Amino acid sequence: MQEKIRTLTDGCKKLIGGCETARALGELRARILGKNGELTALLKGLKDMPDDERPTAGKIVNEAREALEREFAAAAAALESAELKAKLDAEKIDITIDSGGGVGSLHPLTLMRRRICDFFTAQGFTVCESPEIETDYYNFEALNVPADHPAREVQDTFFITDKILLRSQTSTGQIRAMEKMRPPLKIISPGPVYRSDDPDATHTPMFHQLEGLVIDKGIAMSDLKGTLDLFAKEFFGENSRTRFRPSYFPFTEPSVEVDASSGSGWIEILGAGMVNRNVLRMSGIDPDVYSGFAFGMGLNRITNIIHAVRDARIPFENDARFLRQFG
Ligand code: DAH
């Protein structure tokens, strides 16, 4: 009996070591310890043994069974973790590998900003960026918009304190430039601006503008017209012309809204005018000696017109299907 058990146990241990899958191991376990298993048969055979041999034999068989159960459990655990590891290795995603999207590209707005800056710098303008976080003075007061002025309402922005805000227009760049430099002055000032508008097809709470300012002796409205005519030809086609419509801005007098003609008709492209004498005076420039023109365009607006983007929110959504078209 003892002999039989040892042979069975040793043989079984060897077979356990050879099992490569949990399934094979389960089948082996059934063959030895299952209802009709080999060791179970020995256990069943105990009842036919003589009374004096049965207790010892029973002990041996039970010990062998327990030992084999432990072997099976250990082998099962080892196989399970090996199988899990193999599965994880097979399913592993290597996040360091390029997904096939290729190299990114500049945003259409960045590309347009560069094109427009290149256009103006080629004509002698200097790019002067100015802060996005501004004081009430630069955003309103110095631009001839005092505290109770109705023009503040259409440019409602985000206030950080009573006097500090996110600028609502790049016209602040005019004031900063006049503070730092003396005429003759020829600058553009591009960058983001903010307004507390709910996003819709024509509004986003942040967008980009580009301001222009020219100050010298004898600057006239015809200089503004000439500059913008060239701009229209460059960006809306060789046959494009500009049209001035009377308008109102606190910092220019007279003020105009400017349309450019394109194949399909007139499109409003920016606001402009002759720098208001008050603005010059507040910046310490004598309006009897110097005059100037200013203009401010929406960079998003121009970009969207040129690329026929119909919803102002789209360029902010980072949809690769949109962005890839400009790469
Ligand atoms: N700052 C104006 C706006 O945000 C745009 C503007 C109009 C700028 C006329 C100018 C200008 O420099 O002369 O609506």
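Which backbone oxygen does the side chain of S240 reach at 2.5 Å? The side chain of S240 reaches the backbone oxygen of S261, a polar contact in the sense of a pair of N or O atoms within 3.5 Å, where, within protein, one must be able to donate a hydrogen and the other to accept it, and residues adjacent in sequence count only if both atoms are side-chain atoms. This is a predicted model, in which local features need pLDDT of at least 70 and side-chain atom pairs count only at pLDDT 80 or more, while totals for chains, interfaces and linings use all residues. Residues are numbered from 1 along each chain as its sequence is written, and side-chain values use heavy atoms, with hydrogens and water left out.

**The ligand and its surroundings**

- The ligand has 16 residues around it, of which Q169, S171, R195, Q209 and E211 come nearest; a residue is near a molecule if one of its heavy atoms lies within 4 Å of it.
- On the oxygen side, an N or O atom in the side chain of Q209 is 2.9 Å from an oxygen atom of the ligand.
- Of the 350 Å² of accessible area that the ligand has on its own, the protein covers 91%, with areas taken from the Shrake-Rupley method with a 1.4 Å probe and, for residues, only the protein chains shown counting as cover.
- The ligand sits in the largest pocket, and sitting there means that more than half of its atoms lie within 2 Å of the grid points of the pocket.
- A pocket is defined on a 1 Å grid over the protein atoms alone, as an open set of points with protein on both sides within 12 Å along at least five of seven lines, whereas a cavity is a set of points where a 1.4 Å probe fits but cannot get out; lining residues have an atom within 4 Å of a point.
- Strands β5 (206–216), β8 (265–275) and β9 (291–298) each supply at least two residues of the shell around the ligand; helices (H or I, at least four residues) and strands (E, at least two) are DSSP runs, numbered from the N terminus.
- The shell is made up of five nonpolar, nine polar and two charged residues, where Ala, Val, Leu, Ile, Met, Phe, Trp, Tyr, Cys and Pro count as nonpolar, Asp, Glu, Lys and Arg as charged, and the others, Gly among them, as polar.

**Buried side chains in loops**

- S240 is found in the loop between α9 (221–236) and β6 (242–249), and it counts as buried because its relative accessibility is 2%; buried means under 20% relative accessible area, exposed over 50%, and partly exposed in between, with a 1.4 Å probe and protein chains only.
- T157 lies in the loop between α7 (151–154) and β3 (164–166) and is buried, with a relative accessible area of 6%, while a polar atom of its side chain lies 2.6 Å from the backbone oxygen of L166.

**Backbone geometry**

- The peptide bond from P183 to P184 is cis, with omega near 5°, and P184 has its place in the loop between α8 and β4 (185–194).
- A cis peptide bond also runs from E253 to P254, with omega near 0°, and P254 is placed in strand β7 (residues 252–262).
- N144, in the loop between α6 (136–139) and α7, has a phi near 70°, a positive value in a residue other than glycine, and counts as buried at 19% relative accessibility.
- N318, in the loop between α11 (299–306) and α12 (320–323), has a positive phi of about 55° although it is not a glycine, and is exposed, with a relative accessible area of 59%.

**Helix residues and distances along the chain**

- K180 has its place in helix α8 (residues 172–180) and is exposed, with a relative accessible area of 66%; its C-alpha atom is separated by 9.9 Å from that of S283, 103 residues apart along the chain.
- I16 lies in helix α1 (residues 2–18) and is buried, with a relative accessible area of 7%.
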